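Please view the sequence and the model together before reading on.

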Amino acid sequence: MPTSLPNQAREGEGARTISYAYKASLISSAYQFELTDAGLSWQMGRRSGVWPYADIASIRLSYRPMSMQSRRFRADIERAGGERIAILSTTWQTVSLMTPQDQDYRAFVTELHRRMKEAGSKASLIGGIGTVTYAMAVAMLVLLAIAMIGLFVRALATSEFTGALFLVGIAVWFAWTIGGFIKRNRPRRYSFDGLPETLLP
């Protein structure tokens, strides 16, 4: 059965409370988050807690596409002491359907940064994937490009024009998918007032 996860804003005693929820898998319960006066409130299965905004040590925003959902974004939040939670921009609804929650995810992440700034947070704000992982991905992409160029030249030399055309198609597909992943996930630092647009839906 489809699962509806209402994400909403409501008025609290002080600043309004903003909620967000998603299902990480079809069989799991919904992960629920709220931005309250006390801090970031979360419940993930049997685990729950409230993290004061000033206690959040870092946020990493990244672009994490999947085969079933090409527009998928992720926020990894770490508290001083090592606890970590992840917030995804998509949610499972049926066995074959993973739906985006672009607007709600963007609003929640943006408001979280605003409240952390108001709380005087000194958190590290990181965009993209890790530097080592990024370097390995770029190296693999370069090697793949060299191999495909070699095959393309050989196909032309042997008059295999159909094979050459196929390689061009594969190259375009890789540039669109893998190239987009590499471009969006370039490691960087950002500020509370300058969230990276390429890492938000």
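The model is predicted. Five strands form an open sheet in the order 8-7-6-11-12, and their pairing is mixed. Strand 8 (84–88) and strand 12 (188–189) are the edge strands, each pairing on one side only. Strand 6 (residues 56–63) and strand 7 (residues 73–79) run antiparallel and are joined by seven bridges. Within strand 7, Arg79 is the bridge partner of Ile56.

Helix 1 (residues 102–118) lies across strand 6, strand 7, strand 8 and strand 11 (124–127). The helix runs at about 150° to strand 6.

The whole structure holds ten salt bridges.

| Side chains | Distance, N to O |
|---|---|
| Arg71 and Asp102 | 3.5 Å |
| Glu83 and Arg79 | 3.5 Å |
| Glu197 and Arg106 | 2.7 Å |

The salt bridge of Arg71 with Asp102 links distant parts of the chain: Arg71 belongs to the loop between strand 6 and strand 7, Asp102 to helix 1, and they are 31 residues apart. Arg71 is partly exposed at a relative accessible area of 33%, and Asp102 is partly exposed at 23%.

Glu83 is partly exposed at 37% relative accessibility, as is Arg79 with a relative accessible area of 21%.

Glu197 and Arg106 form a salt bridge that also links distant parts of the chain, from the segment after strand 12 to helix 1, 91 residues apart. Arg106 is partly exposed, its relative accessible area being 27%.

Definitions and conventions:
Residues numbered from 1 in each chain as written. Predicted model: local features only at pLDDT ≥ 70, side-chain atom pairs only at ≥ 80, totals over all residues. Heavy atoms only, no water. Pairing = 2+ DSSP bridges. Helix = DSSP H or I, 4+ residues; strand = E, 2+ residues; numbered from the N terminus. Contact = heavy atoms within 4.5 Å. Axes fitted to C-alpha atoms, helices over the stretch in contact; angles between N-to-C directions. Salt bridge = Lys/Arg side-chain N within 4 Å of Asp/Glu carboxyl O. Buried < 20%, exposed > 50% of the residue type's maximum accessible area, 1.4 Å probe, protein only.
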